[in-house]
Amino acid sequence: MSESEQSLSKRITAPFTVEQVYYLNKYQSLDSVHPFTCIRQVNYEVNAKDHDLDLGGRSKLVATVNGWICPYCDYTQNWAHEFMANPASVASLELLTNPDKLKELIDRINSDEITP
Ligand SMILES: [Zn+2]
């Protein structure tokens with residue numbers, strides 16, 4: 001396994017810090033990634049009746065200090081990938097999904113407002 005693959009597979013476990021909860025939920029809201037979803041919905045015709053089918057029949061998990069919860073059932077999960085709570089990687093992913101913000105940043109760099 002390469003070094004970058006290792007860091008991709010690194011996990012954090014609950015209890016999460018308040019900062020981690022903030023970034024995990026921010027990660028869940030990005031359009032460019034596949035968020036964590038409730039596993040009860042693998043067979044969703046049977047199991048997802050009470051779930052908000054907002055993601056092709058899946059419901060996004062919500063991060064709390066005590067771990068992930070499903071807003072629609074009692075499913076919980078106690079781990080996340082480390083990069084999902086990393087401020088720098090979440091900020092980069094956010095830029096990728098927001099072309100206007102990215103253009104604004106490039107313009108500011110080009111105008112010497114920001115020195116790389
Ligand atoms: Zn659920």
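Me: How many helices and strands are there in the protein?
Reply: It's a predicted model, and the protein has five helices and five strands.

Me: And in what order do the elements run from the N terminus?
Reply: They go α-β-α-α-β-β-β-β-α-α.

Me: OK, sheets. What's the strand order in the open sheet of three strands?
Reply: The order is E2-E3-E4, and the pairing is antiparallel. E2 (62–64) and E4 (76–77) are the edge strands, each pairing on one side only.

Me: How many bridges join E2 to E3?
Reply: Three, with E3 covering residues 67–69 and the two strands running antiparallel. Within that pair, Trp 68 of E3 sits opposite Ala 63.

Me: Switching topic: which residues have the most contacts inside the largest nonpolar core?
Reply: Ala 63 turns up again there, along with Tyr 23, Leu 24, Tyr 27, Leu 61, Met 84 and Ala 85. The core has 15 residues.

Me: Which element gives the largest share of this core?
Reply: Helix H2, residues 18–28, which supplies four residues.

Me: What is Leu 61 in contact with, leaving aside neighbours within four places in sequence?
Reply: Phe 36, Thr 37 and Cys 38 are among its contacts, and so are Trp 68, Ile 69, Cys 70 and Gln 77.

Me: Zooming out, what percentage of the residues in the protein is buried?
Reply: 18% of the 116 residues.

Me: And for contacts between residues at least 6 apart in sequence, what share joins residues at least 24 apart?
Reply: That share is 54%.

Note on methods:
Residues numbered from 1 in each chain as written. Predicted model: local features only at pLDDT ≥ 70, side-chain atom pairs only at ≥ 80, totals over all residues. Pairing = 2+ DSSP bridges. Buried ≥ 20, exposed ≤ 12 C-beta atoms within 10 Å, placed from the backbone. Contact = placed C-beta atoms within 7 Å. Core = buried A, V, L, I, M, F, W, Y, C linked by C-beta atoms within 7 Å.
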